[in-house]
Each structure stands twice: as structure tokens, then as C-alpha cells.
Amino acid sequence: MTSSLIIGATRGLGAALVKQYAAQSSSLVFATTRSGAAPGGFPDGVKWLRNIDLTKSNVGDSLTSQLKGEKPLDVVIINAGRFMTEDFSSEKGPNWDDEVTMYTTSSIAPVFVVHSLAHAGLLKSGSKIIFVSSEAGSITLRHEKEGGGNYAHHASKAALNMAGKLLSIDLKEKRVIVSIIHPGFMRTEMTKGVGFDKHWDEGGAITPDEAAKSLVEWAEKLDISKSGEYWAPRGPRDIGMAETVLGKNLATPLQLPW
């Protein structure tokens, strides 16, 4: 039986991942929610880990305490994230609390989660940890055509990329695989909430179900040779500055530059 843990599982990509893993035969799916109650609309067999808040310092302990007695996990996907827009204007410049929330959720909490899982004996040789990052975390892909702003969104993903790389080194002896991925530009409430729905058609935005399918396929084929690397499993099709910066005729999947 294959076991998976989806962190950030109640909507968007996370919800789609839960449903796709739950649809597989002989699967055991753990999923997290910030709420004290299990959400509706999901398969009955999903095991919900409740009150998991990635902005809290005890997130790792809260997670592992609810997994006590379980066997080591096959796949862990850390998908939770926050996105609040900001620019350099006096009206909508950087907001301290928003930045702290984005950094904490995207790049600080994942380190504590992985550390806690490892030391609780919930990772084994061959376990696969997937950090859902974004092409937004690539410094190389930033270009003046795209403009500046959204500092914490981009920088928190860049920090996640670094954390993933370092964790892959720390976990190499245990043969635990760490993969950092850009899942695709998605038609979600998150991107709509920051006004990016106006770019959905032009930017080739996909549904969470489509992104989840690609991610599940990526996880199935993933091996230690790609640990610590940064990839776009769906290739460059929705990465706005990919051809501008990297040139044409790019591969799919595409290894992204840091």
C-alpha cells in the first residue's frame, strides 16, 4: 500500500492531489487542514490531520503527533502557500505582516515539517518529498519585461528552493528524495484573488486537476538522481519569461535555473 501526505490539502492543487491519490487502488492518504474539523467533499478514506497551521512554530510536532504509530510515508507533498501582492508604490508598498506570513508559510515551516517527519521515523529510504515551489522563485527567470514587485512571493519561493536543496543534502545518506517543482500556472482562487485571472488565457493557465495529474506522474517516476533539483514537469508552456531568458525549443520536463 502506498502512503501519501498532502500538506495544504483543502483547496486548489492540494485538494486535487488528495482526490487523485485517494482514487488509486491500495492507497493511504493523509491530508492536513487548518481547521479542527475535516472538510467536506472528499473521499471517505482520507485521514485528516487537523489544526495544522504552517504559521505556527509547533507545526512539525502537531503533524507528527497525529501520525504517531504510522509506518514511514512514501510521498510527502508540501503544497501550502500564501500570496499577497505588493509593489514599490507608497499606496501598496511592502507590508511587514504579509511578508512574514508568506516567508513563514512557504519557506520556514517546510523545514520544520521535514525535520520533524525525519526524526519521528516517518521517512525511509525511497521516501519522496516534493516541495511545491514556483518558477517565481527562480532569480534567473526574473526580467525587466515582467517588472518588479511581489517581493515576498518571489523571495519566499527562492528561499524554499534553497531549503529544498540543503535538505536534499542532509537526507542523501538516508536516500530520501527531495524534489522542488513548479506545478504550472493554475486557475485557482489564489491566483484569482491577486488579480492574475486576467492572465489565465494568455498565460496558458491550467486547472488544479491537470496540475495534480502531472505532479502525481512526476512523483511516480522520481528517483534519487533528481534529488535537490528544480523542475517544471509540464515544461515551459506557462512560464512567461522562459523563452526570453532561456531561448526557444525548450525541453519538457524542464529543469529550471535557480
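Is Y230 buried or exposed, and at what relative accessibility? Y230 counts as buried because its relative accessibility is 0%; buried means under 20% relative accessible area, exposed over 50% and partly exposed in between, with a 1.4 Å probe and protein chains only.

The model is predicted, so local features need pLDDT of at least 70 and side-chain atom pairs count only at pLDDT 80 or more, while totals for chains, interfaces and linings use all residues. Residues are numbered from 1 along each chain as its sequence is written, and side-chain values use heavy atoms, with hydrogens and water left out.

**Aromatic pairs**

- Three aromatic pairs turn up in a search of the whole structure; rings of Phe, Tyr and Trp (its six-membered ring) pair if their centres lie within 6.5 Å, with planes under 30 degrees apart counted as stacked, over 60 as edge-to-face and the rest as tilted.
- F42 and W48 are edge-to-face, because their planes stand at 75°, with ring centres 5.0 Å apart.
- Y230 and W258 are stacked, at 5.3 Å centre to centre and 15° between the planes.
- This pair links distant parts of the chain, 28 residues apart: Y230 lies in strand β7 (residues 230-232) and W258 in the segment after β8 (254-255). Strands (E, at least two residues) are DSSP runs numbered from the N terminus.

**Accessibility of the paired residues**

- F42 counts as buried at 14% relative accessibility, and W48 counts as buried at 12%.
- W258 counts as partly exposed, at 40% relative accessibility.

**Charges over rings**

- The ring of F42 has the charged end of K19 sitting over it, 5.2 Å from the ring centre; the criterion is NZ of Lys or CZ of Arg within 6 Å of the ring centre and within 35 degrees of the ring normal.
- K226 places its charged end over the ring of W231, 5.3 Å from the centre.

Terms used: Helix = DSSP H or I, 4+ residues; strand = E, 2+ residues; numbered from the N terminus.
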